[in-house]
Amino acid sequence: MIIKPEPSLKDLSYLIESSGLKPSDLLNMYRRMLTIRYFEETIRKIYHEGKNPFNMASGIIRGEMHLSIGQEAVAVGTLYKVRDEDVVVSTHRPHHHAIAKGVDANKLVAEILGKVTGLCRGKGGHMHLFDKTKNFACSGIVGASFPQAAGAAFAFKYSGKDNVAIAFAGEGAANHGTFAETLNIASAWELPLILVIEDNKYADSTPKSFVMSTTFHYQRGLTYNVPSYLVDGMDVIDVYSTARKAIERARKGFGPTLIEALTYRYVGHFEGDSEEYRTKEEVEMWSSLDPIRRLENRILRLNYADNEILAKLREEARKQVQDAIDFALRSPYPDPNEALTGVFA
Amino acid sequence: MKIRGIAQAISEAIKQEMERNDRIVVLGEDVTYWGAVFGFTMGLFEKFDRKRVFDTPIAEQTFMGMAVGAAAAGLHPVVSLMFVDFLGAGFDQMYNHMAKNYYMSGGQFPMPVTIITAIGGGYGDSSQHSQVLYSLFAHLPGFKVVVPSTPYDAKGLVTKALRDPNPIVVFGHKLLTGLPFLPFEGTEEEVPDEPYEVEFGKAALRREGNDLTIISAGLMVHRSLRAAEMLQQDGISAEVIDLRTLIPLDEETIVKSAKKTGRVLIVDEDYMSYGMTGEVAFRIQAKALKDLKVPIGRLAVPDVPIPFSEPLENAVIPSIKRIYNEARKLYQGS
């Protein structure tokens, strides 16, 4: 609906089928997006506990918190069928990517809470999530994900493996020099890389209209001879069908693809954001395009599942998130002496 | 084999390790035909082709970031940072990622990356192509800082670096490279043909003495040795220590020597303040204060950029004469 008309039921089932998706895939996508949504909403709730008046250092979760509510379709659509061996490099807003990559939710929450059972034993925190088993990494530095994913793609090409690397970044990060530099080298060296821009319209508080010379970033990719697509980031099927082509192309050795997904974050840049830079009407408009509700409606209209089944999936997702929270809450903190270890391998 | 200067020794070490380990690749500007300009990768292109030696675009942040990603995915990149002065263009990927990802990931992602960079002045290249800057890296947790001064050390230290799973920066001084287009103040020496390692964190006692200790690294070791010869003619017996690696630092050797001579001069081609001289002095006083006969002396670039004009450049980079004068003053001060 953002850039393409909402398909008729007949066209929709054709689109789904031609993307190689089965009804069960749509239910899985729905389940994953819900897990992300509940995860983020629960983290948000816990984050604000003990922060009245607002103070980042108080409460159970300390520091900044960047949530991805609204952007679930981009993560799930892109990563729906990637392998554990495929590398994902994410950003300061990484939870949806991590969950979509299959990172263990228990360890994820534990890391966000600074517990020793966390992914990084409490040394990384919410912006620095790493999971070797899923080949997932992050950086809190804007624009840093592009070259790192390109490096992993380089390693795959060098080793003759048909894995791919995926860099996520916001539309603000794509104004960084690393974006242009990475497009250039990935194209020149035909690296198995997919660059995914999540265009949520604002770089922190700065509307893209004030800092971007082009309306979209995919235009920039074209000048580097990188196939570049604009997709509806609020439509998981649209994201998936494009990502699938990009991933296949990369696996076959034909080089990188740029995907720009138009999306929106329903919450502030970080928790505590007063959001003066955008209007309530705009948030409402984008809320009407909620990617989860949209998928739910399609599932029902296509008769892939009934309300009862969907309710069961919602319940499962809620429980998974609650279990992860409980696990993290009852986990111990690291021994302070651990701070002085592990600088060198 | 006889090797003149550190450049050939470094490229020899890389070549031999590349033969042993196919995970090693070379990335950087002009690393093929030009051997990274200062010769650190010379001969590798001829032997390994573009399959393992990659000329990158002039885009430091991106090829440093690629080294991070490639290391995480199992390679051991050798990255040429042509001049250390260019670190600003790629530093975020180095200090915020390469040096931290192992720690931040709770030990999941070691970062076996060997950066080789050219340092130093003394040949008229001015403020943006003559710096040393190793103290910046030594200040940031996560880097090992290697400063070879001889061909033997250069080969052994780089071999060691290429077998180490951590980010290591090798600082090769341009005036020690032995290349025909630069002045040469280094040595020619017999270097074993076979690969060998020189341990990190073990300083070399380059000259034994009893009256004072001169501590330095890189080019300054050679200038300190020449100053020590001059001091000898005055009847002053100077001990000269080559740190070899700033991280890890061989505290034991420097403290032992300070206790023995009671007088310490630290000579550094990096900037003076908040740098190597202050750090080494602190370590010594913490363990040998009572043995010191005079306050520790230091000689470094006096907190100004390296100027262009020859007399100006000579006025800031420690020379043999100035090391000699400082050492004499220190000795006579007791």
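**Figure 1. Two stretches of chain B carry a transmembrane annotation in UniProt.** In an unreviewed entry, UniProt places the feature "transmembrane region" at residues 24-45 and 65-91 of chain B. UniProt positions follow the numbering used here, feature names are shortened, and annotations may be inferred rather than shown by experiment. This is a predicted model, in which local features need pLDDT of at least 70, side-chain atom pairs count only at pLDDT 80 or more, and totals for chains, interfaces and linings use all residues. Residues are numbered from 1 along each chain as its sequence is written, while chains are lettered from A and ligands numbered from 1 in the order in which they are written. Residues 24-45 of chain B are 9% helix and 23% strand, with end C-alpha atoms 13 Å apart. Residues 65-91 of chain B are 33% helix and 30% strand, and here the end C-alpha atoms lie 10 Å apart. Helices (H or I, at least four residues) and strands (E, at least two) are DSSP runs, numbered from the N terminus.

**Figure 2. Chain B is divided into two domains.** Domain 1 spans 2-190 and domain 2 spans 204-332 of chain B, with bounds that come from an automatic or database domain assignment. The C-alpha centres of the two domains of chain B are 26 Å apart. Their contact takes 28 residues from domain 1 of chain B and 23 residues from domain 2 of chain B; two residues are in contact if their C-beta atoms, placed from the backbone, lie within 7 Å. On the domain 1 side, the elements giving two or more residues are helix 6 (134-139), strand 6 (144-146), helix 7 (151-161) and strand 7 (168-173) of chain B. That side of domain 1 has 13 nonpolar, twelve polar and three charged residues. Ala, Val, Leu, Ile, Met, Phe, Trp, Tyr, Cys and Pro count as nonpolar, Asp, Glu, Lys and Arg as charged, and the others, Gly among them, as polar. For residues 4-179 of chain B, UniProt gives "domain: Transketolase-like pyrimidine-binding" in an unreviewed entry. Those residues of chain B are 38% helix and 18% strand, and their end C-alpha atoms lie 9 Å apart.

**Figure 3. A mixed sheet of seven strands in chain B.** The strands form an open sheet in the order 3-2-4-5-7-6-12 of chain B. At the edges, strand 3 (53-55) and strand 12 (245-247) of chain B each pair on one side only; two strands pair if DSSP finds at least two bridges between them. Neighbouring strands of this sheet are turned by 20 degrees against each other on average, direction ignored. Take a look at strands 6 and 7 of chain B, which run parallel and are joined by three bridges. Here K144(B) has I168(B), in strand 7 of chain B, as its bridge partner. Helix 7 of chain B packs on the sheet, touching strand 5 (114-119), strand 6 and strand 7 of chain B, and its direction makes about 160 degrees with that of strand 7 of chain B. Axes are lines fitted to C-alpha atoms, for helices over the stretch in contact, and angles run from 0 to 180 degrees between N-to-C directions.

**Figure 4. A parallel sheet of six strands in chain A.** The order in this open sheet is 2-1-3-4-8-7 of chain A, with strand 2 (136-138) and strand 7 (228-232) of chain A at the edges. Strand 4 (residues 193-199) and strand 8 (residues 257-262) of chain A pair over six bridges, and D199(A) stands opposite L262(A). Six bridges also join strand 3 of chain A to strand 4 of chain A, where A169(A) stands opposite I197(A). Helix 6 (residues 145-159) of chain A lies across strands 1, 2, 3 and 4 of chain A, running at about 175 degrees to strand 3 of chain A.

**Figure 5. Helix 3 and strand 4 of chain A are enclosed.** Eight of the eight residues of helix 3 (residues 72-79) of chain A are buried, so this helix is largely enclosed by the rest of the structure. A residue is buried if 20 or more other C-beta atoms, placed from the backbone, lie within 10 Å of its own. Strand 4 of chain A is also largely enclosed, because seven of its seven residues are buried. L193(A), L195(A), I197(A) and D199(A) point one way from strand 4 of chain A, whereas I194(A), V196(A) and E198(A) point the other way. Helix 3 of chain A runs at about 165 degrees to strand 4 of chain A.

**Figure 6. Chain B meets chain A.** The contact takes 33 residues from chain B and 35 residues from chain A. Helix 3 (60-72), helix 4 (91-98) and helix 5 (101-104) of chain B are the elements that give two or more residues to the chain B side. Helix 3 of chain B gives the most, with nine residues.

Methods. Buried ≥ 20, exposed ≤ 12 C-beta atoms within 10 Å, placed from the backbone.
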